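The exercises below concern one interface between two chains, and each is followed by a solution worked in steps.

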Amino acid sequence: MTDRRRINGPAGATVPPIFDDAGLQDLTSSKGRSRAPNAIRKMYLKTGVTPSASGSAYLEIETSATPGVSGLKLSCSVHGPRSLPRSAPFSPHIVLSTHVKYAPFATKQRRGYLRDPSERDLGIHLEAALRGAIIADRWPKSGVDIIISIVEGDQDREASRLQGDEVWDMMNALSGCITVAAAALADAGIDCVDTVAGGVAALVQNAGEDSTPTIVVDPIPSEHERILAACCVAYLPTRDEVTNLWFRGDLPASDLDLYTSLVEKGIQASKNANRVLVGCLSETVE
Amino acid sequence: MASSQHVLLSPAELAYLHASLSLTPPIRPDGRSPTQFRPLVAETGILPGTNGSARICFADGTEAIVGVKAEVERTAQRPGEETVFLEEGGAGDDEEEEGEAVDKRKGDASWVEMTVEIPGLRDDDSGTAFLSAMLSEALLADGEFAKRLWINRRFHWKLYLDIILISPPLSYPLPLLSLTTHLALLSTRLPRLKSEGDEDPFFDDDWAAAPYLYPRTPTSVAKPTATTTTTRPPITLLVMAVGNNIIFDPSKEELAVADVALAVSVTSTASSHHIDTDTGHPAAEAGRNLRLLSIRTIDPPSRLTPPAVANAANAAYGASNGAALGTQKMLEARTAETEAVEGVWRAPRGGAKRMVLGALVQKVLERGGVVDEVLDALEGVDLG
Amino acid sequence: MPITILPPKPSRPINNNNNNPSEDDALSDSDSGVDGGDADGDIPMHHPPSKRTRLTTTTTTDATTSIVTPGEQITSDPQWMRGHGTYITPSTTAITSSVAGTITRTNKLLSVRPLRARYTPEVGDLVVGRIVEVQAKRWRVDVGSTQLAALPLSAINLPGGILRKRTETDELQIRTFFAEGDLLVAEVQQLFGDGGAVLHTRSLKYGKLRNGVFVAVSGVGGGGGVVRSRRQVWTMDAANGAGQIDVVLGVNGYVWISRHVETPDAEEGKAGITNMEESVSTTMYSSQNDRIEVETMREIARLRGVVTALVENGLRVDEDMVVRGYHEAVEMAMVSAEGSDDIYLGGEKGQQLAAALTGA
C-alpha cells in the first residue's frame, strides 16, 4: 500500500546518516547489558493525560544505552464505549478496534503516514491481547477505539548496524503497547477481568566466542551480540492466563524446556510491568 | 476486524460443537480424528514463468496458488561494514575468499517480499497483513534463509513470494497458504552463477542447470520414508484446544468454539550451521532435526459469538409473560449469568492457561508426531 | 495418517451417452446440431455435451434431457409461451434461452431451469434459514436465495398459546424469540414480485433449531444438492444404540441433523389443542441444548458426513439417498480397521460411498 495522497521522499535506497560524536565508540561492537538478567528497565506510566479521550495513558521506558535518556515513548487514548454507527450490524459484544502507529520520526528509518504492514500486525497482536482481558458482553451494541502512537521508538541511535531486522524492536514495542492500553482501558472504565501487561524475554548470545546463550528479560537488541529467540507475552496475573503469545526465533524442538523457560521469563517480566500498572492505577484513585 | 473471520453460528450450534469437541476422543463435525488434516490435492511447477510455483486445493474447492519470482538487486552498503573495492586484491585473495565464503554470506529480511491476496478482503486489511507477517516471519526466523539469496558482496537475489487464494476462504486459510508456500519454495530454482567474486553477476542461461534454492538429496526422491536431514522450508500449522483436546487443522466451525488457537511454525534442518543450544542432549541419530521457529496466538472468533440464554433466564421460555417475571425467576437468571449451565453456550473470557499453551506446543513438536507425518507427505509430492 | 496429499487427477472420465465415442466433445459441443438429436415436437434438440455427466445421475427431468446455453434459440414456433430463463428477441417470435440449463415444458409454457443457481423460493417450500438481521417488527433470514427472506413477528407462534395477541412488549423483546445467528425451520408463505420471500413458523413443526449440527449444500437446480421431494423432514433410527435422529432437508440446500426430541404431548395423550400449544411453545425459543449422548453425537456426525459426501460426488440429497447412504456408511465402518467408531467420510471414503450408492 503506497501513500498516494502525499509526496514522500524516495523509498529505501538511502541509509540514515550517523553523526560523528566525541563519545562515539567502536561502531561494530555491542555495548553489553548493564542490568541484571531478571531486571526490566524502569518505566514511567501515567493515566489521564488526554482530557478529551474517555481514557488515556502515557508510557515511557528508559533506555540503558545512554543513562537518563528515555527510549520508548507511547501514548494511548481510548475512545468509547460509544454507540456503533447505524450502518454497523448488531453486535452482542463491544466492538474493539486497535490502531498502532509509529510517528514518522519515531525510528531511524522514517515511517510514512499510512500504517505499514508491520504496524497493522502490531495492531492485531494488541487486539488479541486485549480481547481476552475485557468483558466484552457487558457492552453490547457499542464500540471502542484504542489508538496508540509510538512517539519514539526504542532504537539505539548510536549504533549504525540494524540488528537483524526490526522484529525484536517490535516485540518491545508490543509489550509496551499492551501495558499502556490496559492502563488506558482501566482509565476509561471499561470492564476487564484483570489487568493485562506485556513482557518480553529473549535468549541472547553475548559478544565473545563460545559464550553460552542466556535468557534475559526486556532485551535491548543493541546490547547483545545476537538474539537467538524472543517471546512477547500478555499475561493476566490473578487468573494466571496468557491472552497473547508471540514467539520468534530458532530453537531445537527436542528441547522444550528452553522454550518453556523463555515463556516463564516473559511472564515474569509481565508481572513486573503489571506491578507498575497497578501502582499507577491506585495512585490515580488516591 | 480480528485476525480470524467472524462466523455467524447460533448459540445452540456452538454449544453442540463445543460439547462434541470436548468429548474424549472428540467427535469432529466432519468425522476426522483430532490430528487428521483435510485431504489435499497438490502439485508443483505449474507456472513456467516463475522460479517456483505450487498449487493446493481442498475438496471444498478452496484453492491457493503460490508463485516465486527472483530478481537481482544491488545490496545497500552500510557504514561500519567493510567497504567493497572492486579492484581489491589479486588472484591470490580470491582463493582465500572462497574459503571464508560461508562466513561472509549475509542476509537481510528485506530481500524477501511476501504478499497475500485473499479475494473479498481489502488489500490493506489487517488480517492479510497478519497472515503474510506470520508466513514471512517463519521463513526468516532462523536468519538462514536470506543467506541463500546472497550472490556476492554487492548483489543479492530479491525474492518475491506471491500467495493467491482463488476464492474467498471457507476456513482460516493459514495452513493452506503455508503448505502451498512450502511446496513452491521446494520447487524454486535460481539460475546458476557463472561470474566470480564481487563482479557484476552473470548467469548460466541453461535452466536445466539451475540449482534448487533448497538443495535436494537423492534419497528424498527415491523413498519418502528414507530419513533426509536436509533443510526444508518452514511449515505453519494451525492448532487449537477445546477443553482437554488438541485439534489440528480446524475448520471454520471448529475454530468458532476454540478456547485457544495457535499458529506454530516449524522447520527441519541439517543441524551443522546452527549454534547448538542443546549441547547437553544426545544428538538424535535418526529422524528429522525439528526446529521451532515461531508461535503466534490467533484470536479465536469464539470470543465474538453470541451467548445463549439459559431456559431459566429466558423470557420467551414457558408460558410466563415478560411482565410476570417474578423475583424467583430473577434470581435464577442471575445464577444463570454467572455459572456455566450445561448445554448453554457462553463465549470464553480471559486467556489460556499456561499448561494448555505448553501442551499445544508440545503436541506439535512431538517426535514422530504430526509435523513429521506432514513433512513426509509433502516430500511425497512430485516436484515437477 | 493425519494427512493425505494426492496428485491432481485428470478431469472426470468422459461418459459418453450417445454411444459414439469417436464423436468427441468438440463436435457435440458445437452448435451444428447434426449429431442426430431426437427432435421432440417442434424443438430442435442437441445431445447433452458429455462433460455434464453429473446431470444424468439426477432424476430432475425426463430422460430426454437437453441443455441449452444463453443465446441459443429454442424454437421459433409462435405456439409456445415464454417462461423463466428465456426471452423473446424483438420483432421475432423466436424464444431464446437466457441461462444454461435444461428445457422444461409445462403444457405450452417453455422454461429453462438453470444447471446451477441459487435457490428460488416457491410458496410452500420448507426451508432452513439463519437470522442475519433483527428489525423492529420482523427478522431478515438468510435462506441461500438471492435476497434475504422476511419473517414478520406476526408470523410466529408467540409463547403463551395461540390465542394471545401480539403486543408492544413482544416487539421490544423481539430478540428473545430469534436473535442474530439463530437457525430456524420455516415455510415460505408468500412471494413478492421481486423474488423476495415471506416465511412463517405457525406450526409445531417449525421453529428454532437446537441439539444438532448444520450443513449447507447447494440447493435445487442440477447436480448434487437437495431436491424437492415428498418428505423433507423425517426421523430415523440410528445405528449403534444412538436412538432417533431428526433430519431436516431444507429445499434451499440447508440441512439440519439433530437428536430427536419427544414432544411432551405424545406421552400425555391428547390434552386438548390449546394445552398442547402451550406445552410445546415452552421449548420453542430455547437456545439451551438438551443432554446428548456420545453415541448420538457420533451418528449425527456420520449423517453429516454422508450428506457432505453425496454433495461432493455430485449426487442428489433426498430421504432415500441419505438413508441408504447412512446404512452403507455404517456397514463401511463395521468392516473398517477402526470399527464402528470410524465416522470419517471425507476424501476417498466419500467416493467409495458414492460408488456403492450409484453402482448398485
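**Exercise 1.** How many salt bridges are counted between chain B and chain C?

*Solution.* The model is a predicted one, in which local features need pLDDT of at least 70 and side-chain atom pairs count only at pLDDT 80 or more, whereas totals for chains, interfaces and linings use all residues. Residues are numbered from 1 along each chain as its sequence is written, chains are lettered from A in the order in which they are written, and side-chain values use heavy atoms, with hydrogens and water left out. With a salt bridge taken as a side-chain nitrogen of Lys or Arg within 4 Å of a carboxyl oxygen of Asp or Glu, the count between chain B and chain C is 1. Glu13(B) forms a salt bridge with Arg130(C), and their closest N and O atoms lie 2.8 Å apart.

**Exercise 2.** Determine which elements of chain B supply the side that touches chain C.

*Solution.* Among helices (H or I, at least four residues) and strands (E, at least two), taken as DSSP runs numbered from the N terminus, α1 (11-22), β1 (40-44) and α9 (370-379) of chain B each supply at least two residues of that side. The largest share, 7 residues, comes from α1(B).

**Exercise 3.** Describe how β1(B) pairs with a strand of chain C.

*Solution.* Pairing requires that DSSP find at least two bridges between the strands; β1(B) and β1 (residues 5-6) of chain C pair in the parallel sense over 2 bridges. Within β1(C), Ile5(C) is the bridge partner of Leu40(B).
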